[in-house]
Amino acid sequence: MTLTVHGLWVRAWRGRPPEGWLLLVALVAAVFMSAPVAYVGIRAFSEVGSRWTVLLNERVPTLLWNTVSLAAAVGLVAGTLGVTLAWLINRTDLPGRRMWRWLLALPLAIPPYVGAMAYVIVFGPRGWVTDVFGSTPLDMYSFAGAAFVLSVFTYPYVYLVVGSATARLGRSHEDVARSLGLGPFAVFRRVTLPLMRPAIGAGVVLVVLYVLSDFGAVALLRYSTFTSAIYYQMGGFDTGAAAILSVVLIALTLLILGAEAATRHKARFYQTGGVASAPRLIELGRLKWAALTYVAVVFTISVAVPLAVLGYWTRQGLLEQGLDPRFFEFAINTVKAAGIAAVIAMVVAVPVVYLRSRHPSPPSTIIERLAYSGYALPGVIVALGVIFFSLRLAPAIYGTMFLVAVAYVIRFLPQAMQSVSASLAAVSPRIDEAARVAGLGPLSVVFRVIAHLIAPGVIAGGALVFVGSAKELPATLLLRPAGFDTLAVRVWIEAGEGAYHLAAPPALVIVLLSLLPLKWMLDRFQEAD
């Protein structure tokens with residue numbers, strides 16, 4: 001039986017095709033989100049073969065080694081910290097474990113470029129340690145310095161994911177292992193650790209992807225990776241080389257994601273029979289105070305020291321009148337650009353998420369994934385794509401604050417979508433049907449009924465976009481109009497010039513803003529537990 005075009009269309013949507021306006025809005029949003037990134041690839045492959053040959057032979061091997069080795073080192077260190085801390089907090093009788101559970105997640109509120117600035121102040125050639133002892137144990141402008149900074153500020157990715165998994169593990173496997181005579185640490189190594197493998201892999205991949213995308217920390221520490229190289233190629237107006245390097249970095253990102261998925265192929269890490277019971281806390285005994293010292297040292301390095309440095313230099317800035325009208329101008333610029341991005345993201349997220357939720361099908365899945373495309377890539381690549389795209393199709397907005405906001409939306413719309421999706425999942429589709437029966441049109445149902453019901457989730461998503469935009473550095477540096485500086489940009493500029501009394505106040509404001517999405521994330525993990 002031959003199907004008509006209409007029949008194929010209905011089948012593609014599993015019998016429930018959406019209204020035309022909804023599909024159009026969601027499709028435009030998806031294309032808008034993915035087109036700039038796609039244009040980077042088009043720009044790269046339009047270069048003549050000689051450009052590729054030169055870069056692949058001369059630049060790429062060094063950048064590839066620097067980037068991959070840094071990502072591997074940070075993944076190993078952050079993974080080790082995250083796993084051990086998650087196990088101590090969730091599976092042992094560590095003193096104050098409930099308090100430490102939240103304190104150890106606080107490094108996520110400190111952007112690594114802020115952390116890099118703090119530790120340059122402490123361990124730099126003219127830092128506090130050098131002033132006191134005449135030398136420093138850690139060269140911050142090196143591979144070790146970059147690995148140290150990125151490790152201590154990214155380990156919470158592993159810590160939170162693994163912590164959530166370990167809190168839900170049943171104890172039956174461990175009870176069997178103990179009955180066979182294994183001690184607590186042998187049980188951890190031979191039973192618990194293998195069961196946590198999916199969570200460990202997911203957390204480490206998040207860390208590695210962050211290292212691949214990081215620009216601010218590696219640039220401040222003068223360590224060359226793909227992101228910093230792309231930025232400096234753009235600074236030299238060599239857009240072709242920047243596009244080629246971007247394609248290599250995108251390929252590396254996809255390779256890592258594919259490798260992580262392959263390691264989990266057909267693997268199963270769950271209890272297949274019986275009833276899962278709550279895990280039993282392990283008594284640390286004489287090791288209790290050693291474990292507590294370890295936890296306290298990690299917290300001191302990752303939270304206490306950076307905040308103390310920022311507090312000291314913020315005080316110096318206040319004494320030297322660093323909070324002048326220019327500072328408030330930077331804050332207003334940040335609020336303007338991030339606020340525009342947040343509003344756009346809230347408006348766009350609702351129809352895209354509604355389409356995926358109420359019309360689940362292959363087309364809606366593709367649209368949703370296209371909308372996520374900018375989130376998986378470094379801000380420097382997103383900015384590069386926005387530059388190419390705007391110069392070709394919308395030159396009127398090039399060099400304006402609106403273009404900065406556009407890049408923010410591409411980078412952070414998925415955060416709004418996740419929040420909206422969580423809220424919409426709690427709204428029954430019968431409410432939509434009741435509103436239609438009452439005489440409301442499809443557009444009114446979405447924006448007058450559903451949007452009202454999920455307003456807290458929409459606002460929370462907008463807040464997440466706002467905070468992420470306020471912290472974004474590379475996209476802002478590449479796209480900002482002349483004289484348009486944000487708080488993140490001023491941290492970068494002042495820290496690069498050694499004016500720490502001017503860099504610390506905006507850095508501290510960014511950290512305080514970052515507590516909002518951190519609380520949202522911790523609440524989600526608490527619900528999962």
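Helix H2 (residues 20-45) and helix H18 (residues 401-424) have axes that come within 10 Å and cross at roughly 110°. The two helices are therefore roughly perpendicular to each other, a label for angles of 65 to 115 degrees. This is a predicted model, in which local features need pLDDT of at least 70 and side-chain atom pairs count only at pLDDT 80 or more, while totals for chains, interfaces and linings use all residues. Residues are numbered from 1 along each chain as its sequence is written, and side-chain values use heavy atoms, with hydrogens and water left out.

- From H2, Phe-32, Met-33 and Pro-36 meet Val-406, Val-409, Ile-410, Leu-413 and Pro-414 of H18, where contact means heavy atoms within 4.5 Å.
- By class, that contact of H2 with H18 holds eight nonpolar, no polar and no charged residues; Ala, Val, Leu, Ile, Met, Phe, Trp, Tyr, Cys and Pro count as nonpolar, Asp, Glu, Lys and Arg as charged, and the others as polar.
- Helix H15 (residues 325-358) packs with helix H20 (residues 442-453) at about 100°, their axes 11 Å apart, which makes H15 roughly perpendicular to H20.
- Here Val-347, Val-350, Pro-351, Tyr-354 and Arg-358 of H15 touch Val-445, Val-446, Phe-447 and Ile-450 of H20, giving eight nonpolar, no polar and one charged residue.
- Axes are lines fitted to C-alpha atoms, for helices over the stretch in contact, and angles run from 0 to 180 degrees between N-to-C directions.

**A buried glutamate**

- Glu-472 sits in the loop between helix H21 (455-471) and helix H22 (474-479).
- With a relative accessible area of 6%, Glu-472 is buried, a term for values under 20% with a 1.4 Å probe, protein chains only.
- Apart from neighbours within four places in sequence, Glu-472 contacts Gly-379, Tyr-408, Arg-411, Phe-412 and Ala-488.

**The nonpolar core**

- The largest nonpolar core has 164 residues, and Leu-70, Leu-104, Met-117 and Tyr-159 have the most contacts inside it; such a core is a set of buried Ala, Val, Leu, Ile, Met, Phe, Trp, Tyr and Cys residues joined through side-chain atoms within 4.5 Å.
- Helix H3 (residues 49-91) gives the largest share of this core, 15 residues.
- Not counting residues up to four places away in sequence, Leu-70 touches residues including Phe-143, Leu-150, Val-211 and Tyr-223.

**The whole chain**

- The protein chain has 24 helices and zero strands, taken as DSSP runs (H or I, at least four residues, for helices; E, at least two, for strands).
- Of its 529 residues, 50% count as buried.

Definitions and conventions: Angles under 35 degrees count as roughly parallel, over 145 as roughly antiparallel, 65 to 115 as roughly perpendicular and the rest as oblique.
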